[in-house]
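Subject: Structure handover and notes

Dear colleague,

I am passing on the structure that we spoke about, and I would be glad if you could look through it alongside the notes below. Please open it first and keep it in view while you read.

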Amino acid sequence: MGTDTMHVEIIRNTLARHRAEPTRLLQILRDVQDHFHQIPSFAMPVIAEETGVPIAQVRGVTEFYSFLSTAKQGRFHLLVSDSISDHLLGSRDIAAYLSQKLGVAIGQTRPDERVSVDYTSCTGLCDQGPAGLVNGHWIPHLTHARIDRIADLIERDIALSEWPEELFLVDDNIHKHGLLLNSELPLGAALRKGLQQGADATLAAIEKSGLRGRGGAGFPTAGKWRFCRQEAGEHIVVCNADEGEPGTFKDRVLLNQYAHGVFEGMTICAATIGANKGFLYLRGEYRHLRPQLEAILNTRREQQLLGADIVGQAGFDFDIEIHLGAGAYICGEESALIESLEGKRGVPRNRPPYPVTSGYLGKPTVVNNVETFLAAALITLHGGEWFAVHGTGKSCGTKILSICGDCANPGIYEYPFGVTIREILQDCGAENTQGIQVGGPSGTFIGANEFNRTLAFEDLATGGSFIVFDQTRNVLEIARNFTHFFAHESCGFCTPCRVGTSLLRNLLDKICDGHGTAGDMLELSRLATQIKHASHCGLGQTASNPVLSTLERFPEIYQAHLKTTTFEPGFNLDKALETSRRLTGRDDAQAHLETEGM
């Protein structure tokens, strides 16, 4: 068998494992990427033919997701987190050392194809950075010494499965248990109670609890389930475990320690709305968790908590499939996530219709996040009042936070809604704090005069990210990092976001680099407001928040970076001509603009 024939056979075997289902296109491409360290050009027509999708779709999906590549990557592919929390811990220095140690430029593959190095937006290890991924597996606490060990393993071509386990060890760092994290949930207890009391009583309990979606939008959970239940046809349950907001990592911990509760919540939802099919959309950076999650699903099948006739109730059939993401932040948006589940690019849909009426493959679909399903399971077991007595009038219960940045004890904390920012700072050991990014880059940056504000939907809402910055940090560089993040993660669907986030990034770069003027500051504000109001989905609508919130609170810092002139070019024209000089072999005085008096 020739090499080409053998390679095609590998592709066909991969397709067979996924039954060549078009909805599993992303999973198929992930497997192909793992095997060939790229998506080879010969693979695309084979995949298109056997799945029945246009080859343009195969190519489009390949180009959309960061973890897929048509260019050859190294057998050891290392990614260093470019999140702001990793920056604070020296990730740029670590990446430079890694690049030098392995003899490969960042963003490149070494000629021997053994290793490649690049940045990634966030690894979900913000409490134990600087962190990275090697072939998709976590490597926390990167130091020069650990990089020396990693480089040695790579140069000796030691298989990843034989690397010391300690290199991959990740801590959960739970520092404060609350209502959810302290509660025991005996296997199947909540599900049995839910089935015994019936769907109407379960919905009533969740409504009484006041539970709102924990992903940040805060839509009432009971209302979402009820709207979906009213629709005819097959129903779907989706758990959104694609937390990609830099600074957020609570779902990683919940899935590591509380996965039974999450799956139980999904199953209760299925019983309530009448669903037979469920998906856990797992963030691509969390693939390390997949084997243990699959094992938990198998245990639940063995215990008759999933599968056919669940807990002996004839006709109640429900099962859950894990779908692995591939490095696209936008897939945390529910309609983009559904598109991804269907094997497409993760582009947000026009709404209405909403997923509860037309979601996965046009079927009524409930999408909730990890924390919401865990809370729903415990509420079903303990009753709505048990949850509702905590929190504030419009924000019942508790919120689990991922805290990182300039504090002594980064990690997981659970608080009743209504807790003040000042109390949180005291608990996590933050001192000399200049400001906090609440809710990740899409949230709000608040200053020290706002630390008496409270965590609640009626004040500061958050999906769970809480990043602390002390007085030594440069506010402009923080906003710059977030703006670069959004420009990179924009899905490109709508012009205000696709073009606007890039313009915003360039303008902020100009100011940060000392070339900004008063006119640029006005333009920054105008552009940020326009993007916020004209973008198609939540990404674009919140991408300006870092700029707008820091402009509002720290205008003096921006002004300190401005030039006094009314106009300053956004780039250095002479420097931009460097490539032309190199290509033409000219670097004499006449080849520079300054000589021409320009």
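Helices H2 and H4 are roughly perpendicular to each other, because their axes cross at roughly 65° and angles of 65 to 115 degrees count as roughly perpendicular, under 35 as roughly parallel, over 145 as roughly antiparallel and the rest as oblique. Helices (H or I, at least four residues) and strands (E, at least two) are DSSP runs, numbered from the N terminus, and axes are lines fitted to C-alpha atoms, for helices over the stretch in contact, with angles running from 0 to 180 degrees between N-to-C directions.

Before going further, please note that this is a predicted model, in which local features need pLDDT of at least 70 and side-chain atom pairs count only at pLDDT 80 or more, while totals for chains, interfaces and linings use all residues. Residues are numbered from 1 along each chain as its sequence is written, and side-chain values use heavy atoms, with hydrogens and water left out.

The axes of H2 (residues 25–36) and H4 (residues 55–64) come within 11 Å. Their contact (heavy atoms within 4.5 Å) is made by Leu-25, Leu-26 and Leu-29 of H2 together with Gln-57, Val-58, Val-61 and Thr-62 of H4.

H2 itself is mostly covered, since nine of its twelve residues are buried, where buried means under 20% relative accessible area, exposed over 50% and partly exposed in between (1.4 Å probe, protein chains only). Among these buried residues are Leu-25, Leu-26 and Leu-29, which also take part in the contact with H4. Just after H2, His-37 takes a positive phi of about 60°.

Thr-70 lies in the loop between H4 and strand S1 (76–81), and is partly exposed, with a relative accessible area of 46%. Leaving aside its neighbours within four places in sequence, Thr-70 is in contact with Gln-38, Ile-39, Met-44 and Thr-62.

Most residues other than glycine have a negative phi, and most peptide bonds are trans. His-141, however, has a positive phi of about 50°, and so does Asn-432, at about 55°; His-141 is partly exposed at 35% relative accessibility, whereas Asn-432 is exposed at 53%. The peptide bond from Gly-129 to Pro-130 is cis, with omega near -5°, and the bond from Arg-351 to Pro-352 is cis too, with omega near 0°.

With best wishes

Key. The expected span of a helix is 1.5 Å times one less than its number of residues.
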